[in-house]
Amino acid sequence: MAARGGVAWRVVVLVAAVCLSWCSPAAVARSPAARVHRHMRRLNKPAVKSIESPDGDIIDCVHISHQPAFDHPFLKNHTIQMRPNYHPDGLFDESKSTDSAGGEKPMVQLWHQGGRCPKNTVPIRRTKRDDLLRASSMRRYGKKRHPAPNPMSVDPNLLNEGGHQHAIAYVQGDKYYGAKATINVWAPKIEQPNEFSLSQLWILGGSFGEDLNSIEAGWQVSPDLYGDNNTRLFTYWTSDAYQATGCYNILCAGFVQINSEIAMGASIFPVSSYTGSQYDISIMIWKDPKEGNWWMQFGKDYVLGYWPSFLFSYLGDSASMIEWGGEVVNSQLDGVHTSTQMGSGHFPEEGFSKSSYFKNIQVVDSTNNLKAPKGVGTFTEQSNCYDVQNGNNADWGTYFYYGGPGRSSNCP
C-alpha cells in the first residue's frame with residue numbers, strides 16, 4: 001500500500017510540474033511541485049560550504065544558528081548550549097576490549113573523504129527532490145509509522161499486516177537517565193524498498209499508548225528514506241507515539257546539533273563482514289541534570305548535540321524503560337515472510353564475526369553514573385526468524401548477540 005501511494009504521489013508531482021508552464025500563478029503556487037520546492041527550501045538551509053560524498057550525498061555545512069532546530073517556535077530565541085553541564089561517570093573501560101575478540105576499530109563517515117565542515121557550522125545531509133518523491137506523502141517524509149517494541153505484548157495482527165519485528169534486550173522498573181552501547185555495524189540485505197533494517201537503542205517514557213516519549217539512535221539501512229542500501233547513522237524522537245511529533249535525524253525542528261564532524265543520516269564506513277573485520281560504533285544518550293536536556297555522544301570524542309527538555313512530557317523527568325536491539329519491517333508480500341536481514345543476517349548462536357552484537361550496554365542512574373543494567377530481559381516476536389541471546393563477561397560487560405535471516409525453512 002505504501003509503495004502504491006508513493007507512485008501516486010510521484011505522478012501527481014509530475015503532472016503538477018507540467019502545469020508550471022501554463023497554469024495561473026495561483027494554481028502554480030498551490031501545485032504539489034511548488035509545495036515540494038517550498039518543503040525542500042525549509043529543509044535545506046543556506047550552506048557555508050557543501051561537500052560531495054562518494055555515495056552521492058551532498059553534505060551542507062550550515063551555520064550552527066541556522067539549523068532546522070530553530071524553526072521550532074520555542075527555540076526562536078534559544079541560546080545554544082555548546083556543552084553539557086555534566087557527563088556521566090563510570091564509563092566502561094573500552095581499552096579492555098581492543099583485542100581480536102571484538103576490538104573497536106576507527107570509524108568514520110563516508111563524506112569525510114570529500115572534506116570537513118568549518119568551525120561554527122553543522123553538517124546536514126541535503127534533502128533531494130527524489131527523497132521527497134519516494135515518501136508516501138510529503139507530510140510523512142522523515143517520520144516513522146509504527147510504535148517502539150513492547151516486550152510486554154505481542155500483537156498477532158502486526159505480524160500479519162506489514163508488521164515490525166524485533167530482537168531486543170531491555171530493562172524496566174526503575175528511573176533511567178540515559179543509556180550507552182557499543183553496536184556492531186553491518187549492511188543487512190533489504191528485500192523490498194519500503195522495508196528497512198536497523199539496530200538502535202530506545203530511551204522510553206510513558207505507556208505504549210498515544211503518550212509514548214522516545215529518543216532513539218543507532219544505524220539503519222532504509223532504501224525508502226535515503227534512496228540506497230548504505231548503512232547510516234540515525235536518530236529519532238517522538239513525544240506522542242509517532243503520531244504528529246518528531247522525525248528522523250534533523251528533518252524537523254527539535255534536535256540541536258553542536259558538532260561539525262558527524263552528520264545525521266550520513267553513511268558509516270567501513271562496515272563488518274562475515275568472518276572478516278568487525279567494526280562497531282559507540283552511542284551514549286543521557287539527561288543533563290541541570291538543564292534537563294537529553295544529550296547524545298557518538299564514539300569517544302563527538303558530543304553531537306541535544307534534544308531540549310521541553311520537547312517531552314514523561315522524558316522531562318526520566319525514562320521508565322531502556323531497549324537495545326534490532327528491528328525490521330516485515331511487509332509479508334503474498335503472505336510470505338520477508339527475507340530482509342536483521343544485524344548480520346545470522347542467528348546469535350553463530351557468535352563473533354558471524355552474528356551481530358551489542359556490548360558494554362549500560363544505563364545512567366539518578367546520581368549520573370553509568371552502571372551495568374540489572375534484570376535484563378530479552379524479547380522477539382518470532383525467534384525462528386530473528387533471535388537474541390544475552391550474556392556477561394569481563395571483556396564485554398553486559399552484551400547480547402541478535403539478528404537473523406528472516407524467511408527460511410523455519411521462518412515461512
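## Aromatic pairs and cavities

A search of this whole predicted model finds 18 aromatic pairs.

**Exercise 1.** Classify the pair formed by the rings of Phe255 and Trp307.

*Solution.* Start with the distance: the ring centres are 4.6 Å apart, and rings pair if their centres lie within 6.5 Å. Next, take the angle: the planes stand at 65°, and planes over 60 degrees apart count as edge-to-face. The pair is therefore edge-to-face.

Now place the partners along the chain. Phe255 is in the loop between strand 9 (232–238) and strand 10 (256–257), while Trp307 is in strand 14, so the pair links distant parts of the chain, 52 residues apart.

**Exercise 2.** Decide whether Phe255 and Trp307 are buried or exposed.

*Solution.* Buried means under 20% relative accessible area. Phe255 has 1% relative accessibility, so Phe255 counts as buried. Trp307 has 0%, so Trp307 is buried too.

**Exercise 3.** Classify the pair formed by Trp396 and Tyr401.

*Solution.* The centres are 5.9 Å apart and the angle between the planes is 45°. This aromatic pair is tilted.

**Exercise 4.** Describe the lining of the second largest cavity.

*Solution.* First, note the volume, about 30 Å³. Then find the residues: among them are Leu43, Asp60, Val62 and Arg126. Strand 2 (58–63) and strand 4 (121–125) each supply at least two lining residues. Finally, sort by class: 3 nonpolar, 1 polar and 4 charged.

Notes. Residues are numbered from 1 along each chain as its sequence is written. This is a predicted model: local features need pLDDT of at least 70, side-chain atom pairs count only at pLDDT 80 or more; totals for chains, interfaces and linings use all residues. Side-chain values use heavy atoms; hydrogens and water are left out. On a 1 Å grid over the protein atoms alone, a cavity is a set of points where a 1.4 Å probe fits but cannot get out, and a pocket is an open set with protein on both sides within 12 Å along at least five of seven lines; lining residues have an atom within 4 Å of a point. Grid points are joined across faces, edges and corners, and a volume is the space filled by probe spheres set on the points. Helices (H or I, at least four residues) and strands (E, at least two) are DSSP runs, numbered from the N terminus. Ala, Val, Leu, Ile, Met, Phe, Trp, Tyr, Cys and Pro count as nonpolar, Asp, Glu, Lys and Arg as charged, and the others, Gly among them, as polar. Rings of Phe, Tyr and Trp (its six-membered ring) pair if their centres lie within 6.5 Å; planes under 30 degrees apart count as stacked, over 60 as edge-to-face and the rest as tilted. Buried means under 20% relative accessible area, exposed over 50%, partly exposed in between (1.4 Å probe, protein chains only).
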